[in-house]
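Work through the exercises below with the sequence and the model in view. Try each task before reading its solution.

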Amino acid sequence: MSYEPPRPARGLLVTPEDKEAPARVRRLRRLGLGEHPDPSLDAFAHHLAGITGTPYAMVNFIGEERQFFAGLRTPGAGPAVQENGGGPEVGRFLPRSHGFCPHLVARRKALVLDDVHDYPRFAGNPVVDEYGIRSYLGAPLIDSTGMVLGTVCVADLEPRPWGTTGLETIKSAAADLAVRLERREHDGLPL
């Protein structure tokens, strides 16, 4: 897995097409993932937030229409859009059009955004305005078949220079979790 910095573009980048989504959804169902919170994945996200010093950390599984945070650590109760009359509440679901993980899945590579405002195609994303996200670091969860199951990511409300250390941390966390998910599938071992 390599890192390729996103190139600035004019205007908002539309959420990328995801031709693997139907197969991914079937695979996630076989794994028992993508539809229910998982306490072990919440613990994984909490640990990831601790080692990166971020308020948000997620294990995100991406379906055809939405994203689901099976593992979640937030400063409040949890991320996603659920209208309550006064603005979005924190929850476990987001539309595919929100956030940066759908782009990461399509790229199949880690995505590092030190300051989303530096990239016009990402600066207009709804999570920037609705949640105040300013920096993002994520890596794909790729299983042994080569399928991208989802992402492991962290986000902050302030710009952050993630550097090589941040990139290696997130890539290592994603690789470790992908192995643990498959071990759980094959051997019934806990994460």
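**Exercise 1: Aspartate 18**

The side chain of aspartate 18 makes a polar contact, at 2.7 Å, with the side chain of arginine 24. The model is a predicted one.

Task: State where aspartate 18 lies, whether it is buried or exposed, and which residues it contacts beyond its neighbours within four places in sequence.

Solution. Aspartate 18 sits in the segment before α1.
Step 1: check its accessibility. The relative accessibility of aspartate 18 is 17%, and the cut-off for buried is under 20%, so aspartate 18 counts as buried.
Step 2: list the contacts. With neighbours within four places in sequence left aside, aspartate 18 is in contact with Arg24, Ile62, Arg96 and Val105.

**Exercise 2: The faces of α1**

Task: Find which residues of helix α1 are buried and how they are arranged around its axis.

Solution. Step 1: take residues 21–31, which form α1; the buried ones are Ala21, Arg24, Val25, Arg27, Leu28 and Leu31.
Step 1: look down the axis of α1. The buried residues fall within an arc of 165°, so they line one face of the helix.
Step 2: turn to the face pointing away from the buried side of α1. Arg29 and Arg30 are the exposed residues carried there.
Step 3: identify the cover. The elements covering the buried residues of α1 include β1 (56–62), α3 (101–107), β6 (148–156) and α6 (163–187).
Step 4: look at what follows the helix. Glycine 32 comes after α1, and its phi is positive, near 75°.

**Exercise 3: The nonpolar cores**

Task: Describe the largest nonpolar core and name the element that gives the most to it.

Solution. In soluble globular proteins, nonpolar side chains tend to be buried together.
Step 1: give the count. The largest nonpolar core has 31 residues, and Leu41, Leu48, Phe61, Leu141, Val152, Leu177 and Leu181 have the most contacts inside it.
Step 2: name the suppliers. At least two residues of this core come from each of α1, α2 (39–52), β1, β2 (66–73), β5 (135–142), β6 and α6. The element that gives the most is α6, with 7 residues.
Step 3: follow one member. Not counting residues up to four places away in sequence, leucine 41 touches Leu33, Val59, Phe61, Ala70, Gly71, Leu72, Leu177, Leu181 and Leu191.

**Exercise 4: The whole chain**

Task: State how many helices and strands the protein chain has, and in what order they run.

Solution. Step 1: count the elements. The protein chain has 6 helices and 6 strands.
Step 1: The order is α-α-β-β-β-α-β-α-α-β-β-α.
Step 2: Of the 191 residues in the protein chain, 51% are buried.

Terms used:
Residues numbered from 1 in each chain as written. Predicted model: local features only at pLDDT ≥ 70, side-chain atom pairs only at ≥ 80, totals over all residues. Heavy atoms only, no water. Buried < 20%, exposed > 50% of the residue type's maximum accessible area, 1.4 Å probe, protein only. Helix = DSSP H or I, 4+ residues; strand = E, 2+ residues; numbered from the N terminus. Arc of directions from axis to C-beta. Contact = heavy atoms within 4.5 Å. Polar contact = N/O pair within 3.5 Å; in protein donor to acceptor, adjacent residues only side chain to side chain. Core = buried A, V, L, I, M, F, W, Y, C linked by side-chain atoms within 4.5 Å.
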